[in-house]
Number of protein chains: 2
Amino acid sequence: MDSCHPAHPREVLVINVGDELLDGLRGNSHLVWLGEQLARRGLPVTRAVTVRDDASAIAREVGAAWGVYDVIVTTGGIGPTTDDCTREAVAAALGVGLTRTPHSESALRDRFQRIGRTVSDADLRQCRVPVGGAELRNPRGTAPGVWFSSEGRALVMLPGPGLELRPMFDEEVVPRLRDLGCACRGEAYVQVRTYGIGAAPLEALIRPVVPAELTLTFGTHTGIVDARISSGGSGATADDLCCVARLVRDAVGEDFICTGHACLASIVIEQLRSLEKSVSLAESCTGGLLADAFASVPGASKVFAGSAVCYSNDAKMNLLGVPESLIAQHGAVSAEAAAAMAFGTAEKFGSDYALSVTGFAGPDGGTDADPVGTVFLGYSSPTGVWSRRISVVGDRAQVRRRSVNTALDWMRRKLNRYRVEDLLHGS
Amino acid sequence: MDSCHPAHPREVLVINVGDELLDGLRGNSHLVWLGEQLARRGLPVTRAVTVRDDASAIAREVGAAWGVYDVIVTTGGIGPTTDDCTREAVAAALGVGLTRTPHSESALRDRFQRIGRTVSDADLRQCRVPVGGAELRNPRGTAPGVWFSSEGRALVMLPGPGLELRPMFDEEVVPRLRDLGCACRGEAYVQVRTYGIGAAPLEALIRPVVPAELTLTFGTHTGIVDARISSGGSGATADDLCCVARLVRDAVGEDFICTGHACLASIVIEQLRSLEKSVSLAESCTGGLLADAFASVPGASKVFAGSAVCYSNDAKMNLLGVPESLIAQHGAVSAEAAAAMAFGTAEKFGSDYALSVTGFAGPDGGTDADPVGTVFLGYSSPTGVWSRRISVVGDRAQVRRRSVNTALDWMRRKLNRYRVEDLLHGS
């Protein structure tokens, strides 16, 4: 049996170090990433603490947690500058000294020799680990991480830069957590991703097909609702969870997007790739955000031709050929304009499909009939042109982001139906 | 004297409640926003803790902190659903009961009557505050916040939705913190924003003009480096800080963007507005992200015509009129292509200025001479067309975001110089 849960629930603490996280200068993206990675491996984070670049604050946090938590992960403060004090603080809290690591030192000397830089004492400070600990290799930076383990418990110190932290966690930390019996080998949960249904109705719909001994949790973000199904100590295997996920998918029907973590744009790109078709966009209020959703997916260029971001009415006329009389009669925010934009951009870019968005994102604009939050979507395919009116609640940023997701989801549904008809009637 | 610091440094704790923050489902945007708001008012956050929707975990956190911290702010868990347990947990930790608040109850009944919904007991649960506390009005939602104060210390409970949290903090919490003598009336620091200089050289440059008794801290994000100057207990007034900020600005020179928190796109929009000129964009690797930077600024439509996001070579030729022979000779990622794209989009959109970006964002693509991270920028103005090659380190997302900022900063510098020449020679 490929068990997807540890023998007993583990207590996991993440300690993020950095003034910038508390002064509103930067979001804590490490916690988001680590939270998901740890949960997938059966180690959901119990609690997270953010502290300043202050040795006594870090030592206090680690001192209170060591022996209480099964896994402690720290991020940041292990570099060569004077405000990096996590190494010293953690060693003090553990009641041990710091020892030099010959392997990291020689790797650092090699690296600096290649770029013609001399090694200073400050640089060598980062090549130390608490006595009894082990270094975690960091080929992408100068500061090695730290693994410290005792009596089945582990403390891990990761570097601040995300480009170093993420591969170090994947390559150096996960295998050690598995060897310790903390992290599971498969996925600890199966996630079913949906769009177009709220969390409460989704729960009512799928609860009957999920065995009571499994744990069901929900997460929502910009219209997407995720249902996570985990064994919750029931002894269910990864295969068991996948079987349940299939039942959930069938219960959800057309609102089902995918199993896993794929974004809406990558789903649409995959649909287009399998059809060997291309798409272009025409955007007004979303102003490049819809294009960005496609462009963020590596390899998008195979199906994504581009987007005409037309903020002004002149641009809608000149670039997309939307007739001036149409805008005069119906307005630039109308079902007619959305359809004309979709049709126009498909023609300009020479793409098989096109998607368009025009609306009032606020704070200004809107009419009595179409207040701020009113958005029209247009869709052009080889078989016709459609438009659709949606109403979005929220501020400017929320209206824009929600419009992007609804447009992508609409295209996903249209392409799904197209594929089904294909299968029924032959292509 | 308008003092911009409290009598003694305050200890501030933020407790964010929510499973989704620990499971990697959502970033902690509340902490980013509150961190900045509190720091601006002289109350930098000392420490932040994130806990699950679990009454005993919340009570443990508040119980350990009450009496230790001057200000405690909780977010989330005060709504009507069964997993909302912050109210009960905090009251238990404070050792008091919960009492109903007639004002909130009648506001809730009014609200529900207007939308034709009946009021349940679960709905009324959220209209209670710990005995001795006061309700904070929430006209944008159903759950009132809580203010609890004793012996100069304050505990504040804010709702989870950002659209309710932010105005409640501004309108209801800040005035109360001021009355308590915790928050200062002016701004607690002056921020000087720069681009094009690293944090270390910036510090070396400005340290000589900043009096030693003031505190100087630095924050960096995607190429932007902020220097924050605060009184640090020196007794300096807001006016004193502004005088120092002017000296810093002069020392920084062309790398100075602004005093405050404005983004690069809003600076460029302001420059264009004062010149009464318009701009359009042509994007390849940034795929709509540059357009989004402009479109995110309210009122952008006055100067921002639009963007041609041209992912394919065909699109660059058809939409922007980039000659096929130019792409064949120099490639789509070249100084020549960038210049042709800028020129072409200015013509298509009929804008006075244009900015273009084409590059290798990775993970695939690139050549020996121009590896991944090589990006060409193009700039078209009424007086000519320029291009520029930059090298950006990082993954796909970082290359794209850094390219956007560097393009915006380039335009800012160009327009600044244009304005200076205007002033020297007359327009």
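Predicted model: local features only at pLDDT ≥ 70, side-chain atom pairs only at ≥ 80, totals over all residues.
Colleague: By what turn can chain A be laid on chain B?

Modeller: The superposition has an RMSD of 0.1 Å, with a shift of 0.0 Å along the axis. The two copies are thus related as by a two-fold rotation axis. The turn is 180°.

Colleague: Why do the copies meet through the same surface?

Modeller: Contact here is counted when C-beta atoms, placed from the backbone, lie within 7 Å. It takes 57 residues from chain A and 59 residues from chain B. The copies meet through the same surface because the share of interface residues of chain A that are also interface residues in chain B is 100%.

Colleague: On the side of chain A that touches chain B, how many residues are nonpolar?

Modeller: Elements giving two or more residues to this side include helix H2 (29–40), strand E10 (215–221) and helix H14 (335–349) of chain A. The residues of this side include 18 polar and 12 charged ones. The nonpolar count is 27.

Colleague: What is the bridge partner of A:Thr217 in E11(A)?

Modeller: An open sheet of 4 strands in chain A runs in the order E10-E11-E9-E12, and E10 is one of its edge strands, pairing on one side only. E10(A) pairs with strand E11 (residues 224–230) of chain A in the antiparallel sense over 7 bridges. In E11(A), the partner of A:Thr217 is A:Arg228.

Technical notes: Residues numbered from 1 in each chain as written. Chains lettered and ligands numbered in written order. Least-squares fit on C-alpha atoms with pLDDT ≥ 70 in both. Contact = placed C-beta atoms within 7 Å. Nonpolar A, V, L, I, M, F, W, Y, C, P; charged D, E, K, R; others polar. Pairing = 2+ DSSP bridges.
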